[in-house]
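Subject: Structure handover

Hi,

Here is the structure I promised to pass on. Have a look around, and then read my notes below.

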Amino acid sequence: MGKKIKKEVEPPPKDVFDTLSIESKKAATVVLMLNSPEEEVLAKACDAIYKFASKGDENKVTLLNLGAVEPLFKLISHEDPIVRKNATMAFGIMASNSDVKKLLRELDVTNSLIARLVPEEDVIIHEFASLCLARMAVEYTSKVQIFEQGGLEPLIRLLSSPDPDVKKNSVECIYRLVQEFNDLHVEALAVVANCLEDVDTMQLIQQTGGLKKLLSFAETSTIPDIQKNAAKAISKAAYDSENRKILHEQEVEKCLINLLGTDNDGVKTAVSQAISAMCENLASKDAFGIQGIPQLVQLLSSDNEEVKEAAAMALANLTTANPGNASSVAEAEGIEPLINVLSAKRDGAVANAAIVLTNMATQEPLRLSIQSHGIMNAIGEPLQSTNSQVQSKAVLTVAAFGCDADARTELRNAGGLEPLVKLLHSRNEEVRRNACWAAVVCASDELTAVELCRLGALDILEEINLSMGRRNHFSERALDKLLDNNLSQKYSQMGYLSFSNIITDSFYDYGQVKPGVKLLSLEELSTQELNDRRAVILVNIKPPEVAITVEEKLQDLVYGRAVNLSPSSSFRKSSKEKTSAVVSPVDEKQESSGRPSSLSKGSTREKGSRKGKGKKEEEKPKEEEEFQIAPKIQEEVTLEKLPWLPPFDFILLDYIKDASKTILPLATTKEQVVALAQFVAGNMGGPIEKDKLHDFSWELHISEIKFEQKCNVIPIGKIKKGTFYHRALLFKVIADRIGIGCTLVRGEYTRAWNEVKLVDDSPQGITGLLLPPQVYVIDLMYQPGCLMKQGSAEADHYKLI
């Protein structure tokens, strides 16, 4: 055997031989030594056999013929740890021979080998005992023995061993237990799932062809639990980036797509989750799109809520940063099912459906298509959820679709702004930040901005922005956007309108409001009883549409004429008053068109148009029928309270027309500014001497207008004696309409002023020099048109005195 073995015996008693040194180069001699009662001889003999058997298969056969297997089998359970270790090493190395394995099965060695897998044993024993079991597990009979004798549990435990050889042997043994042994498949696949989480193990399984067999097995199996556990194994493995690459190389996508068609909810759920996990790999995300998305869309309509949630999650991951997959969802007719899922019972399903719709909204055609399905109505319920994940995703959906004016209108009408405002209060940072972003988007038009302010969004955002811990970039932007699209609120609260803040119709100057005080709406202010506080100044040149009387509406219904009498087409001062015809400003001075205003006139005209007595008699019953149904029609068309509309300012309209004709043609901005200042002053009482300002009885004039209008809100065009804040407002209104940039600034008491930017002339003797623009304050009271440089003593004096 090429190995000399020396045996040294401790000094014996007088009746015992002295120590003998035994050397042998023959295998038979060493095999005989396996029966020695002395531990040191046994340890060295086992070590010699291990080394001899390692040299080749012929040596293993030699040892088998010499009867080495039986004594080695006994020694793997020896009480001495060194003997036990060396015997296990020899036993493990010999088990690679098929004849040896046959004898091992006859000896029923698996129980003893499994006993060597306990944590107390040496790692070397673990390595060779698991190696021997892995080699025996090739045979069906041995698989049964290993499983029945409880070998699976210690093998699973060894997967966490720090020794790579132990781990390798354990994985190999478990894998072999899986092959075509149906009773073990379900449990073994659960074990394989744990194995696949480790990158090294995954690579080993791939290299041995095990991964390909696993995927093929999952596809061909008809047992749902096997398919489900295979999908779970893939899910666990896919959480590692290297594993995802390996799975993609093995075309795992095809396997999962095929499994989606299985008629089992548990399998569908597990497969959808596996697809979600694989979506981290971009190539896999594309591979799933063509065939996988239509199947996932179908699962959205499943009666099983868990399936629905898993499918929505897979679609959310597939469509994230992937426009192609987002389009595929629409092509698979997934919009309506996704909107339906927004009312699902499981929060995860709702949140993921919202993510998919948000991902799709990045493409305008898809966004418009989704909007046509009523997304803003459907998102109202998720906005009221108590789940922070649902809240967060729902407000992002609002932000994604709120860029469209029609969508904002739909959200307003559906009552979606109120829960959105409540979410600004959320203690969850993500929800609060996303809600602020949605507020930024929704505040893009005046109507929505005003409604958000009415619901308290302004106060909440101000509170958030005062907190260092809660403030965020979106909360600051939301506050600015809200005010920029609600200039009445901004001017009352901030006392400032910038060059970019363009005053439009229905703007009103209420005066300065204290922090935390809500600004009443224009309608609310208009319906208040007359009071002695300052008048609210209104800017409005938007004409009401022509309205028709109830009698005329009756005629049209009786005689089949189609006339639209929508609430927006009528205007009246009070809902208690009878609706009367209102003409447009252009036709104000013209007489009525002569259209019949009563039913009797209409019926006379109608009868007069008929020809022949016979015809007249024939139609008489029909005529009577018409009059019989008239009361019913009258009842149907009785107008409900129509929405309040602000009064039209004819005078302001004339001001703007005159300014456009006389001021716009002037050559320079400076000339236009001066001319406009003089125009404003001339229409509001003219220049006032500083020492006679107290004699300028503008307060009485304003009170007279309020009394005449029987309203605290008065159109700015009515004011013929205006002080600083009236003139500054009128200057800004006209300037904005004709394209002159200016600010509007509120000062103390009744002070207000405008600022413009003008470029000074080049210094004398220098041509072609471009100077930066300078800011000037415009005098509208004392010397209308005088320009005072910002920061000068003259400008400061104008603002204060």
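Some housekeeping before the rest. This is a predicted model, where local features need pLDDT of at least 70 and side-chain atom pairs count only at pLDDT 80 or more, while totals for chains, interfaces and linings use all residues. Residues are numbered from 1 along each chain as its sequence is written, and side-chain values use heavy atoms, leaving out hydrogens and water.

Now the overall picture. The protein has 801 residues, and 50% of them are buried (under 20% relative accessible area with a 1.4 Å probe, protein chains only; exposed is over 50%, and partly exposed is in between). Its secondary structure comes to 44 helices and nine strands (DSSP runs numbered from the N terminus: H or I of at least four residues for helices, E of at least two for strands). Of the contacts (heavy atoms within 4.5 Å) with a separation of 6 or more, 67% link residues 24 or more positions apart.

Next, the cores (a nonpolar core is a set of buried Ala, Val, Leu, Ile, Met, Phe, Trp, Tyr and Cys residues joined through side-chain atoms within 4.5 Å). The largest one has 154 residues, and Leu72 and Phe91 have the most contacts inside it. Helix 2 (residues 39–53) gives this core its largest share, ten residues. Leaving aside residues up to four places away in sequence, Phe91 touches Leu72 and Cys132, among others. A second, separate core has 58 residues, including Trp698 and Tyr776.

On to the sheets (two strands pair if DSSP finds at least two bridges between them). One is an open, antiparallel sheet of three strands in the order 1-5-6. Strand 1 (496–497) and strand 6 (752–753) are at its edges with a single partner strand each, so one side of each has no neighbour in the sheet. Strands 1 and 5 (residues 744–746) pair over two bridges, and Leu497 has Leu744 as its bridge partner.

Another open sheet runs 7-8-9, also with antiparallel pairing. Strand 8 (residues 774–778) and strand 9 share three bridges, and Val777 is partnered with Met788. Helix 41 (residues 669–683) lies across strands 7, 8 and 9, at about 155° to strand 7 (axes are lines fitted to C-alpha atoms, for helices over the stretch in contact; angles run from 0 to 180 degrees between N-to-C directions).

Cheers
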